Amino acid sequence: MSSSRRAVALELAKHGCRILVNYAGNAEAANKTVADCKAAGGDALAFQANIASQEEIQAMFKAASEAWGRVDVVVNNAGITRDTLMMRMKPDQWNDVINTNLSGVFFSCQEATKLMRKQRSGRIINIASVVGLVGNIGQVNYSAAKGGVIAMTKTVAREYATSGITANAVCPGFIKSDMTAAIPEKMQEEILKGIPMGRMGEPEEIAGLVRFLALDPAAAYVTGQAISSNGGMVM
């Protein structure tokens with residue numbers, strides 16, 4: 001489980017939320033997050049679902065409904081990368097990223113809105129990326145998927161505004177993570193030159209933004225927005 005996804009779960013748990021922690025393969029990390037969420041004051045359970053599978057997403061939402069009776073907030077933050085230049089990209093590299101990062105978000109939003117519409121309330125937060133706004137060399141699949149998530153979020157917001165449902169996208173820039181730690185030092189230095197604040201973001205900074213959109217009463221009038229936390233990298 002990535003540091004940002006874990007930070008989001010813990011931040012929401014601190015405010016008393018009941019969290020379904022979905023994981024793809026690392027059960028140990030998911031169970032650790034569940035335990036930490038409970039220790040933070042919330043409740044949690046782990047569920048294994050391939051986010052690219054509509055059937056498994058449906059089973060995930062059924063599990064949440066059976067456990068707690070309702071779904072008030074959905075944070076779609078699963079994502080993979082298969083980076084290479086477009087001229088070298090294989091069909092499976094394109095399809096894997098689109099299926100997980102875009103189609104999976106669609107299926108999740110579809111299931112979430114079915115439940116939230118009956119409740120006449122709900123908040124959906126889709127984790128996109130700054131590259132969905134500006135693109136990035138070597139990430140044509142990832143940037144296309146994240147750009148699609150932003151456009152999808154705006155459409156969901158329009159379709160469900162009268163049902164009491166908000167939908168927003170969070171677009172992180174470069175955030176400290178295992179993925180960014182693997183970037184060569186010289187490349188990191190070049191990246192930082194393009195960030196006016198001169199540093200990478202912290203996972204907790206993304207988590208705080210998600211918490212605002214998910215729980216704060218002041219966010220009730222915020223919908224259809226793509227909010228970027230990137231240190232000024234994109235303005």
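Let me begin with a term. On a 1 Å grid over the protein atoms alone, a pocket is an open set of points where a 1.4 Å probe fits, with protein on both sides within 12 Å along at least five of seven lines, and lining residues have an atom within 4 Å of a point. Grid points are joined across faces, edges and corners, and a volume is the space filled by probe spheres set on the points.

This is a predicted model, in which local features need pLDDT of at least 70 and side-chain atom pairs count only at pLDDT 80 or more, while totals for chains, interfaces and linings use all residues. Residues are numbered from 1 along each chain as its sequence is written, and side-chain values use heavy atoms, with hydrogens and water left out.

The largest pocket has a volume of about 1,200 Å³. Its lining comprises 50 residues, and Ile-19, Leu-20, Val-21, Asn-22 and Val-75 lie nearest the centre. Helices (H or I, at least four residues) and strands (E, at least two) are DSSP runs, numbered from the N terminus. Strand 1 contributes the most to this lining, six residues. By class, the lining has 29 nonpolar residues (Ala, Val, Leu, Ile, Met, Phe, Trp, Tyr, Cys and Pro), five charged (Asp, Glu, Lys and Arg) and 16 polar (the others, Gly among them).

The second largest pocket has a volume of about 970 Å³. Of its 36 lining residues, Thr-81, Tyr-142, Ser-177, Met-179 and Thr-180 are closest to the centre. Which element gives the largest share of this lining? It is helix 1, with four residues. The classes here are 19 nonpolar, 13 polar and four charged.

Let us turn to helix 1 itself, residues 3–14. The expected span of a helix is 1.5 Å times one less than its number of residues. For these twelve residues that gives 16 Å, and the end C-alpha atoms are 16 Å apart, so the two agree. Its buried residues (under 20% relative accessible area, 1.4 Å probe, protein chains only) include Ala-7, Leu-10 and Glu-11. Among the elements that cover them are strand 1, helix 2 and helix 9. After the helix comes Gly-16, with a positive phi near 85°.

Helix 9 has 13 residues and should span 18 Å, and its end C-alpha atoms are 18 Å apart, in agreement. Its buried residues include Pro-203, Ile-206 and Leu-213, and their cover includes helix 1, strand 3 and strand 6.

Technical notes
Buried means under 20% relative accessible area, exposed over 50%, partly exposed in between (1.4 Å probe, protein chains only). Contact means heavy atoms within 4.5 Å.
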